[in-house]
Amino acid sequence: MFYRSPTWRLAFRRPPCQRQVRPRAPQVPIATTPSPGLQPLPEEEQRKFLNRNMVVQMQDVRIRMLLQGERPEVVEEVVRARREIWGGRSGLDKRQRNEDEQAAKRQRIDHGKDELPIYATKFSDEVLAAEERRPKKKVAVLIGYAGTGYKGMQLAHDQKTIEGDLFQAFVAAGAISKANADDPKKSSFVRCARTDKGVHAAGNVISLKLIIEDEDIVKKINDNLTPQIRVWGYERTNNSFSAYQMVDSRIYEYLIPTHSFLPPHPSSFLGRNCEKWAEKKGDVDGYRKRQEEVLGYWEKVDEEMIKPILAEYDEEIRAILEKALWLKAEGPEDGGADPSSSTAVEVEPETSKPEGLQEAENKGAESQDKTPVNSNGEEPSSLAEDSTDQAKPSRPRILDEAMKRIRQAYIAAKRAYRIPPERLDRIQKALNLFVGTRNYHNYTIQKTFKDPSAKRVIKSFLVNRTPILINGTEWLSMKVHGQSFMMHQIRKMVGMVALVVRCGCDPQRLVESMGPDRLSIPKAPSLGLLLERPVFESYNKRAKDALAKEAIDFDKYRAEMDAFKQEQIYERMYRDEEKDNVFGNFFNHVDNFPSEPFLFVTSGGVEATKTKPLVAPVGALEGGKTKSANALLDNDADVGADDEDSDADDAVKDNHGDEG
């Protein structure tokens, strides 16, 4: 009926200036101890307000509780050492940043500001009148790009995107007229597949109307693009062609270091819970069998690489470092429980040492070192003694050096790992469980189990059994061929397989993740994701048989594409991983996340995510309760590399290919 149609809704839609925007409640930190007279928020409500900084605070609180009775300066040094040894990168709270961006966008819309997007150009009437009108043809443009430095593929009003640069290059090359330079819709601009921020594509397709009279139009377009975006060519299509509607399937590749399939460190929160849940469920033999090719790996690293470093330092420094690494307590006689039996180590992946705090500690330690005291408790007057004491390295400096050496030793141990065939078999066995039609509501955002659109078809998911060795690090290539993908789906699929294999989990848990239970599956870093090419099988048959058009075929440009992938995509991946340790930081964070959301990969299964962890993450708080810190379960939460923002943050409602 008419009143249900989009036309009716548009006709009676209120103008932007009259719309009322519901104000958002400010983020309220979750207090460790509820204030008198206030009831604590339910667990699900707490999750909405938890952000990255709160997770960091929870980890620090637990360490301080475990070290009760120690001198305050020792406790702070242990906390600082753990951040350096196990830590990742620092950064702003992305959730708060995204909310600020969305608020600015709503304010701009509500005030009726009609600013041009950064990719659009408005020419004067004189220039438009002087422009010669030339015919446009509907074409499919074959492109490739490295997504680093771009806010994803899709056009954004005030963000640098792949489509934005392409549109500007079309205008500069004369393929789009000046009259249409202010709006891509005038040229019927449609993408085949949308990719998130940081995701690359060796092959992608956009359809639009272009002026293609010039034989060198492809060269002119490329001359107006950066080297990390290339136009391979174009094919004439019928006027009704849509790159999004006509695509049959898509092939993605994911590159991942083999050390991502190493088990969690035995002292980590996830590692200890894996052991405890295996014991509770009587699955110790099965758990050990699924980990037999990597059993004892970290114990050997600690014995051969870490302990020799510790042995170089005096007893006091060594004690601090051992507490930071394994949270070794002085023993039950000191009045505290043995942490190895009841608690786990949390790695601090999100925030490295606060610079201001570190400078203050360094200055305080140095000032104490500069005022030596003799055996009688008096300051010596000898200038020689002063100068000698000042020349000695301060304790914070010694700790800094030791922490960096230990951290680098762990990174070197990971990069030296070479995956055995048995581990590759486990990876392929897990990947095979995705093939067919499955429900992926846990592998994307804003989907429920009953949502029909959560079901997707995967045709194949294969791991290349011949690893690639680049700069001392071994990499695996995994290729997935699917009909269509939802936002973050592939990265969560890779993240799930990595968790199942590295935690010695029964592969059947992957099948259970497609059931009605809600699970928090971390998405693997965007650094490794690459759209290889879309497939237009049905259109290509029709184009040759009925339309007298050329097929959309990337094989024509295989040599150029392979060279581009190697230079602009693969080398960029390897370089960024070597510099930033993206995958190492990501799995450090997952292994040491101080709550239960990832414990479904233990022998406890889904039950482990709904009960108190067998190895407590934060220690006994008031009333015996444990705070939940499931920040990853929220739709907009992010864990992984710094470049892991997604197009979901833009609140763009276009659904043209929510891949990656």
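1. Start with Cys503: this cysteine is buried, with a relative accessible area of 1% (buried means under 20% relative accessible area, exposed over 50%, partly exposed in between, with a 1.4 Å probe and protein chains only). Its closest cysteine sulfur belongs to Cys274, 4.2 Å away, which is too far for a bond. Cys274 is itself buried, at 2% relative accessibility. A disulfide here is a pair of cysteine sulfur atoms within 2.5 Å, and by this rule the count is zero.

2. A word on provenance before going on. This is a predicted model, where local features need pLDDT of at least 70 and side-chain atom pairs count only at pLDDT 80 or more, while totals for chains, interfaces and linings use all residues. Residues are numbered from 1 along each chain as its sequence is written, and side-chain values use heavy atoms, with hydrogens and water left out.

3. Now the overall picture. The protein has 23 helices and 10 strands; helices (H or I, at least four residues) and strands (E, at least two) are DSSP runs, numbered from the N terminus. Of its 660 residues, 53% count as buried. The accessible surface comes to about 30700 Å², and 50% of that belongs to carbon and sulfur atoms; these areas come from the Shrake-Rupley method with a 1.4 Å probe, and for residues only the protein chains shown count as cover. Taking contacts (heavy atoms within 4.5 Å) between residues at least 6 apart in sequence, 81% join residues at least 24 apart.

4. On to the core. The largest nonpolar core has 145 residues, and Phe170, Leu321 and Ile427 have the most contacts inside it. The term covers a set of buried Ala, Val, Leu, Ile, Met, Phe, Trp, Tyr and Cys residues joined through side-chain atoms within 4.5 Å. Helix H19 (residues 489–502) gives the most to this core, with nine residues. As for Phe170, once residues up to four places away in sequence are set aside, its contacts are Val141, Ala175, Ile176, Phe189, Ile206, Leu208, Leu210 and Ile221.

5. Have a look at H12 against H17. Helix H12 (residues 297–310) packs on helix H17 (residues 395–415) at an angle of about 150°, with the axes 10 Å apart. Axes are lines fitted to C-alpha atoms, for helices over the stretch in contact, and angles run from 0 to 180 degrees between N-to-C directions. From the H12 side, the contact includes Tyr297, Trp298, Val301, Met305 and Ile309, and from the H17 side Arg405, Ile406, Ala409, Tyr410 and Ala413 are among the residues involved.

6. H23 and His259 go together. All of helix H23 (residues 582–591) is covered, with 10 of its 10 residues buried; Phe583, Gly584, Phe586 and His589 are among them. His259 lies in the loop between strand S5 (249–257) and helix H10 (269–280) and is buried as well, with a relative accessible area of 6%. Among the residues that His259 touches are Phe583 and Gly584, along with Lys414, Arg415 and Glu577.

7. Phe554 is a loop residue worth a click. Phe554 sits between helix H21 (537–547) and helix H22 (558–580), yet is buried, with a relative accessible area of 5%. Its C-alpha is 7.3 Å from that of Gly203, although the two are 351 residues apart in sequence. Beyond neighbours within four places in sequence, Phe554 is in contact with residues including Leu142, Ile143, Gly203, Trp232, Pro534 and Met561.

8. Two backbone angles to check. Ala548 has a positive phi of about 55° although it is not a glycine. Ala548 is in the loop between H21 and H22 and counts as exposed, at 72% relative accessibility. Gln446 also has a positive phi, near 60°. Gln446 is found in the loop between strand S6 (436–439) and strand S7 (455–463), and at 58% relative accessibility counts as exposed.

9. Last, the segment after H23, where Leu614 is found. Leu614 counts as partly exposed, at 33% relative accessibility. Leaving out residues up to four places away in sequence, Leu614 touches Asn273, Lys276, Trp277 and Lys280. Leu614 and Gly604 are 10 residues apart in sequence and 10.0 Å apart in space, C-alpha to C-alpha.
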